[in-house]
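Welcome! Take a moment to look over the model, and then let us walk through some of its features together.

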Amino acid sequence: MVHTQADRVAWVDYAKGFCIIMVVMMHSTLGVEKAAGAEGWLHTFVEFARPFRMPDFFLIAGLFLARVIDRDWRTYLNKKVIHFAYFYVLWLTIQFAFKAPGIAADVGIAGTIEAYALAFVEPFGTIWFIYLLPIFFVVAKATRGLPWWTVWIAGALLQAAPIHTGSIIVDEFASRFVFFYTGYIFAPQVFRIADAAIDRGWLAGAFLVAWALVNGFAVFGGFADLPGLSLGLGLIGAVAVVSVSALLSKSHLTEPIRYCGQHSIVIYLAFFLPMAVTRTVLLKVGIIGDIGTISLIVTAAGVVGPLILFWIVRGTWFRFLFRRPAWATLQPRRQVLAPAE
């Protein structure tokens, strides 16, 4: 799961780093505010990032799909489905182990077992992204023979439609697929935008100022969730993150963000535990009274904690937590040689 520097595009790692930090910040801030019964100053930034936080995450996920989408189904499923399925099942079980006592206290042992089984149909906790992403990969390959614009328009219509079934799979697919597919179809254009930001930083800076004003006006004016506008804000916000990431890639001062991007899956899988522990400790001890500051510290713990765990286990037997073992792979089909005549 860890690639060499030569295999990676710097600004893509920065974009992934931004995305995962914003996701951890959202869960940390909302969790602290719910437990404390009050909002903090970090809530403003969490709200500001709402239109583009997950759209950018999915757009970046689709950027390199063209490299593998034409491979045979067996190879494709191994790389894009089995890979994520392994980590979903593993970390679902780990998360559930921590939450099972509380669930059992509410619904009993039978209800707890039922809740665990249901998590294989409906994503559990914070790892729904890992569940949904393979579905996107399969749909993208299954629709490979269709004109791209028909699939994109269908995705855009789903995103604009008021689909609220209560099913995470149905609702999030409808809301997010168009961004993933945009990353796949328009990858060359996205890379050109990044190159333009690097070459003409002043122009990128002017765009970012204008975008921030528009995004902030839409969010805090209550317009961000309107059909059509939410799609536009998500796409333009993704372009903004790409532009910021491209600019940062010109300097080494923000390398920690890039490192987070290189290990974004590590952070995403494991941030729930250090986040929850730090939140509980800080709120119970009460040394820090400011909700925003507590949220920021909890965010930092959620980002750094998984990286520390990764460093500890990477050379041990426990590396299976973040590296898929050989037994969890779908091996290539063996070729049977015809007998000589």
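**Getting started**

Let us begin with a definition: a residue is buried when its relative accessible area is under 20%, exposed when over 50%, and partly exposed in between, using a 1.4 Å probe and protein chains only. By this rule, Phe 320 is partly exposed, with a relative accessible area of 24%.

The model is predicted, so local features need pLDDT of at least 70 and side-chain atom pairs count only at pLDDT 80 or more, while totals for chains, interfaces and linings use all residues. Residues are numbered from 1 along each chain as its sequence is written, and side-chain values use heavy atoms, leaving out hydrogens and water.

**Aromatic pairs**

Rings of Phe, Tyr and Trp (its six-membered ring) form a pair if their centres lie within 6.5 Å; planes under 30 degrees apart are stacked, over 60 edge-to-face, and the rest tilted. The whole structure holds 39 such pairs. One of them joins Phe 64 and Phe 191 edge-to-face, at 5.7 Å centre to centre and 65° between the planes. This pair links distant parts of the chain, 127 residues apart: Phe 64 is in the loop between α3 (53-62) and α4 (73-118), and Phe 191 is in helix α8 (residues 187-199). Helices here are DSSP runs (H or I, at least four residues), numbered from the N terminus.

Are these two residues buried or partly exposed? Phe 64 is partly exposed at 25%, and Phe 191 is partly exposed at 22%. Trp 317 and Phe 320 also pair edge-to-face, because their ring centres are 5.1 Å apart and their planes stand at 65°. Trp 317 is exposed, with a relative accessible area of 66%.

**A lysine over two rings**

A charge sits over a ring if NZ of Lys or CZ of Arg is within 6 Å of the ring centre and within 35 degrees of the ring normal. Lys 141 does this over Trp 73, 5.2 Å from the ring centre. Lys 141 also lies over the face of Tyr 76, at 5.1 Å from the ring centre.

**Nonpolar cores**

A nonpolar core is a set of buried Ala, Val, Leu, Ile, Met, Phe, Trp, Tyr and Cys residues joined through side-chain atoms within 4.5 Å. The largest one has 65 residues, and those with the most contacts inside it include Phe 58, Trp 91 and Tyr 268. Its largest share, ten residues, comes from α4. A second, separate core has 22 residues, among them Met 22 and Val 190.

Terms used: Helices (H or I, at least four residues) and strands (E, at least two) are DSSP runs, numbered from the N terminus.
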